[in-house]
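Hi there,

Here is the structure I promised to pass on. Please have a look at it first, and then read my notes below.

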Amino acid sequence: MQSGRSAYPALEGRHILLGITGSIAAYKAAVLCRLLKTAGADVRVVMTPLAKQFITPLTMATLSKNPILVEFFDPENGAWNSHVSLGEWADCLLIAPATANTLAKMRTGVADNLLLTTYLSARCPVVVAPAMDLDMYAHAATQENLRMLADRGVKIVEPAEGELASGLTGKGRMAEPEEIAAFVDSLLARAETHIETHDKTCDEKKKRLQGKRFVVTAGATIEAIDPVRFISTHSTGKMGYAIAGELARCGAEVILVSGRTNLPTPAGVERHDVLSADEMFDATVEAFAQADGAVMCAAVADYTPAEVSDTKIKKNDDELTLTLRRTRDIAAHLGARKGDRVLVGFALETDHEAANAEAKLARKNFDFVVLNSLRDAGAGFRGDTNKVTFIDRAGCEELPLLAKTEVAARIVEKIETLLF
Ligand code: C5P
């Protein structure tokens, strides 16, 4: 269609199967469908039975210029709507909005509607844009379902924070149609150069790093002041855990040297828990001796109390002065000894981002640095998204705002280009 001016050039001529589930956000699927069509994609829509209560099949049929599929059989003439051929037809299955119910069923393999059977048969990349109330989204069950789906290769367009249909404000609002279209565009653009992955092709993906061993550091170190108090940072470990999980999925042996986090150990990963920067140093250096590379994602304390009190320091009315000493730099230590092994570092900056990251690249002898700036919304600590720039000696590559699992996939792809 209008490839020259399209904001989503990789969508032109692609087959997008748009799945709509029963959420108030279904109205946004109409706008999304229009964006996909305008970009030149061929769109077919599968709705769950409940989705019809939120947006009419007539609207979606008109916008997609294709009949809407809901039932396994056409009630008029008994013709079978083949989920297998739909799955084969699609270059991407995009479920937007995806309710907590559908995500849970996708996780467990329940196949009680056409959208779910299509999902189970699909060989193409699968993208979900969750939409639900903030408590449903934050619930451990939903989070675990999303993690499991992401582990299997499903791509997640994170919901935004904002006003929800319930009247509450929080995270759970479906991403805007433009963001979802851009996500699919970027996914399909990459699919042209990389083997894209979905549950079915995990075996293919698995082979890529078989026989390789990686060390990943993640989470925050804890520097004890006394038996009760400590110095630490806000790092949750999510980014490092996502990288460890992705490396393991690609077949690598992974040793995750982990500071404090609440996260479960990713499948196939060997986890060594540590507390202080000193403990992390020892565990990482030992593991690196047998490794082909390391990803230094931990937020390591730069300073630790020079002396740790054996007993709780009693408060009084005076000021308390703590003397801190520098911790050892694990990354710099590995960098000086890395040889032809791969070493990836992180830089979290609040100012002079690029210059600081480049200095780190040189000082610690990283192959590349993943820079995230606290100035970018949705980047850095706590959240499930990150906006990063890769910096290596050839230049820099800025990535859009992505789920941390997706950022992990990009990092692992870049590591592969260095290994092979
Ligand atoms: O110097 P800065 O702490 O900003 O460098 C960040 C990078 O160095 C990260 O990859 C971090 O994991 C690593 N690092 C380390 N040991 C330290 C400090 C930072 O491995 N003591």
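Where is the place of Asn365? Asn365 sits in the loop between α13 (353-363) and β17 (368-373); helices (H or I, at least four residues) and strands (E, at least two) are DSSP runs, numbered from the N terminus.

Before the rest, a word on the model: it is a predicted one, in which local features need pLDDT of at least 70 and side-chain atom pairs count only at pLDDT 80 or more, while totals for chains, interfaces and linings use all residues. Residues are numbered from 1 along each chain as its sequence is written, and side-chain values use heavy atoms, with hydrogens and water left out.

**Backbone points**

Most residues other than glycine have a negative phi, and most peptide bonds are trans. Asn365 is not a glycine, yet it has a positive phi of about 60 degrees. With a relative accessible area of 32%, Asn365 is partly exposed (buried means under 20% relative accessible area, exposed over 50%, partly exposed in between, with a 1.4 Å probe and protein chains only).

Lys65 also has a positive phi of about 60 degrees, although it is not a glycine. You will find Lys65 in the loop between α2 and α3 (83-89), and at 65% relative accessible area Lys65 is exposed.

For a cis peptide bond, go to the step from Ala96 to Pro97, where omega is near 0 degrees. Pro97 belongs to strand β3 (residues 92-98).

**Helix packing**

Two packed helices are described by the angle between their axes and the distance between the axes. Here, axes are lines fitted to C-alpha atoms, for helices over the stretch in contact, and angles run from 0 to 180 degrees between N-to-C directions.

Helix α1 (residues 26-38) and helix α2 (residues 57-64) have axes that come within 9 Å and cross at roughly 15 degrees. That makes α1 roughly parallel to α2 (angles under 35 degrees count as roughly parallel, over 145 as roughly antiparallel, 65 to 115 as roughly perpendicular and the rest as oblique). On the α1 side, Ala29, Ala30, Cys33, Arg34 and Lys37 meet Thr59, Met60, Leu63 and Ser64 of α2, where contact means heavy atoms within 4.5 Å.

Helix α4 (residues 100-108) packs with helix α7 (residues 140-151) at an angle of about 50 degrees, and their axes are 9 Å apart. This makes α4 oblique to α7. Residues making the contact include Leu103 and Met106 of α4 and Leu146 and Leu149 of α7.

**Helix α14**

Two neighbours in the sequence may interest you here. Glu413 is in helix α14 (residues 404-419) and counts as buried, at 14% relative accessibility. The C-alpha atoms of Glu413 and Glu71 are separated by 39 Å, and the two residues are 342 residues apart along the chain.

Lys414 is found in helix α14 too, and is buried with a relative accessible area of 17%. Leaving out residues up to four places away in sequence, Lys414 touches Phe368, Phe390 and Asp392.

**Charges over rings**

Which residue lies over the face of Trp89? Arg44 does, at 5.9 Å from the ring centre. Arg326 lies over the face of Tyr303, at 5.5 Å from the ring centre. A charge sits over a ring if NZ of Lys or CZ of Arg is within 6 Å of the ring centre and within 35 degrees of the ring normal.
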